[in-house]
Amino acid sequence: MGITIEVEGLTKRFGETTAVDAVAFAMGEHEFFSLVGPSGCGKTTTLRCVAGLETADEGRIGIKGTVVYASGEGVDVPTHHRAIGMVFQNYAVWPHMSVFQNIAYPLKLTGASRSEQRQRVGRVLEMLGMEDLGDRKPSQLSGGQQQRVALGRALVGEPDVLLLDEPLSNLDAKLREHMRVELKRIQRETGIPILYVTHDQLEALSMSDRIAVMEGGRIHQVAAPHEIYERPATKFVLDFIGSVNYLPCELLDTGSDTIEVRVEGGGLLTLPRPDHVPEGREMLLAVRPEDMTLGRAASGSDLRATVELRSFLGNLCEYRVRHGGLELRVQTEKDELVAEGADVVVSVRRGFLLDRGSAEDPLARVS
Ligand SMILES: Nc1ncnc2c1ncn2[C@@H]1O[C@H](COP(=O)(O)OP(=O)(O)OP(=O)(O)O)[C@@H](O)[C@H]1O
Ligand SMILES: [Mg+2]
């Protein structure tokens with residue numbers, strides 16, 4: 001696998017704040033790679049360092065085999081000599097220029113001939129499905145189309161890599177969903193690698209080949225979306241990606257195939273033995289809403305609860321159920337409707353076991 005962007009030991013400080021703290025990752029040749037994490041975790045700063053818009057304090061950045069930044073070696077290639085295309089959150093398309101002129105602009109700056117401009121802009125318009133809109137002004141376009149113009153302008157120079165920072169955040173929910181698919185399609189068709197920044201976990205999960213989950217300037221985990229979801233490396237990743245219930249519990253018995261836990265409020269659960277059993281007895285059992293089921297009686301479970309609220313979500317049903325002081329969020333298939341007020345037994349299909357005292361330990365996977 002060829003490498004597009006390679007970042008090693010990247011550190012950037014603003015006064016007392018370490019915005020990026022020893023970040024390292026390597027992006028594949030045709031990869032859609034996302035940096036995801038909460039506001040202020042250092043995503044934009046990382047991207048700006050790659051773009052050369054920010055000078056890092058330490059580390060090394062390579063783009064397509066060329067070192068563009070190396071601290072201590074005096075290498076710092078200016079932005080316009082890095083073969084990148086960029087679209088940022090507040091992308092601007094010039095209102096007084098036509099779609100064609102907007103996209104042609106970077107080519108004009110480099111002195112490309114008119115016929116070359118026509119040819120290359122034509123190709124980009126085709127790729128974006130906007131062949132017939134070249135003469136329009138941005139005010140005559142929908143938000144999604146304007147967004148595509150900004151993308152076209154970043155693509156027209158045929159960059160080695162696209163850097164996108166929350167490019168969909170100006171769009172309404174429906175359009176954002178549509179553009180997710182469009183963006184991924186364009187990426188697949190062109191094969192152009194994309195380094196994508198978002199705080200939206202769903203956006204990252206749905207588009208990326210791999211995701212780096214960041215917090216406080218550091219990367220917690222780099223993996224494919226399903227791996228991040230199914231095998232989060234830390235409690236932070238588990239929390240940030242998807243939703244999760246925490247059941248405080250006590251580890252009673254660790255047999256060879258199963259373990260038994262007593263959940264706060266008195267319920268008992270027999271679970272498959274996790275890949276490792278954490279030290280200590282005071283645990284948290286973390287379970288995603290879709291990994292629990294509600295029934296009248298269930299083998300391996302004596303976790304009794306009452307359904308307090310039921311919300312029909314179309315493709316599934318979500319319940320709030322109470323077990324003593326514990327409120328759990330459960331999602332089930334829509335054809336197993338349980339009435340509000342019903343007494344049920346909750347069973348747990350799979351989850352993660354962690355020591356209540358030290359949340360930074362690797363999670364034990366129960367499945
Ligand atoms: N120019 C700057 N001067 C001082 N501090 C900065 C500057 N740019 C960023 N920071 C700080 O660095 C940290 C990381 O900021 P960054 O913009 O990279 O976060 P982010 O992950 O992109 O967040 P968001 O999702 O809100 O865009 C934050 O604490 C931020 O306040
Ligand atoms: Mg940002």
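A: Let's start with a pairing: strand 7 (residues 84–87) and strand 8 run parallel and are joined by 4 bridges. Here, two strands pair if DSSP finds at least two bridges between them. Helices (H or I, at least four residues) and strands (E, at least two) are DSSP runs, numbered from the N terminus. Within that pairing, G85 stands opposite L162 of strand 8.

Before going on, a word on what you're looking at: this is a predicted model, where local features need pLDDT of at least 70, side-chain atom pairs count only at pLDDT 80 or more, and totals for chains, interfaces and linings use all residues. Residues are numbered from 1 along each chain as its sequence is written, while chains are lettered from A and ligands numbered from 1 in the order in which they are written.

Back to strand 8 (residues 161–165). Strand 9 (residues 194–198) also pairs with strand 8, again over 4 bridges and in the parallel sense. There, L164 stands opposite Y196. Strand 8 is largely enclosed by the rest of the structure, because 5 of its 5 residues are buried. Buried means that 20 or more other C-beta atoms lie within 10 Å of a residue's own; 12 or fewer makes it exposed, anything in between partly exposed, and C-beta atoms are placed from the backbone. In a regular strand the side chains alternate between the two faces of the sheet. In strand 8 both faces are covered, with V161, L163 and D165 buried on one side and L162 and L164 buried on the other.

What comes after the strand? E166 sits in the loop between strand 8 and helix 5. E166 isn't a glycine, yet its phi is positive, about 45°. It counts as buried because it has 20 C-beta neighbours inside 10 Å. Further along, strand 8, helix 5 (residues 173–190) and strand 9 make a right-handed β-α-β unit. Right-handed means that, with the strands pointing away from the viewer, the path from the first strand over the helix to the second runs clockwise.

Now for the ligand. The residues around ligand 1 include F14, T17, K43, T44, T45 and H199, where being near means a C-beta atom, placed from the backbone, within 6 Å of the molecule. Strand 2 (17–28) and helix 1 (43–51) are the elements that give two or more residues to this shell, and the largest share, 3 residues, comes from helix 1. Strand 2 also holds A22, whose phi is positive, near 55°, though it is not a glycine. A22 is partly exposed, with 14 other C-beta atoms within 10 Å.

Helix 2 (residues 99–109) has its own buried residues: V99, F100, N102, I103, A104 and L107. Among what covers them are helix 3 (114–127) and helix 4 (143–155).

Finally, step back to the whole protein chain. It has 8 helices and 22 strands, and 38% of its 367 residues count as buried. Its C-alpha trace spans about 75 × 50 × 35 Å along the principal axes. The chain is divided into domain 1 (3–240) and domain 2 (245–366), with bounds that come from an automatic or database domain assignment. The contact between them takes 6 residues from domain 1 and 8 residues from domain 2; two residues are in contact if their C-beta atoms, placed from the backbone, lie within 7 Å.
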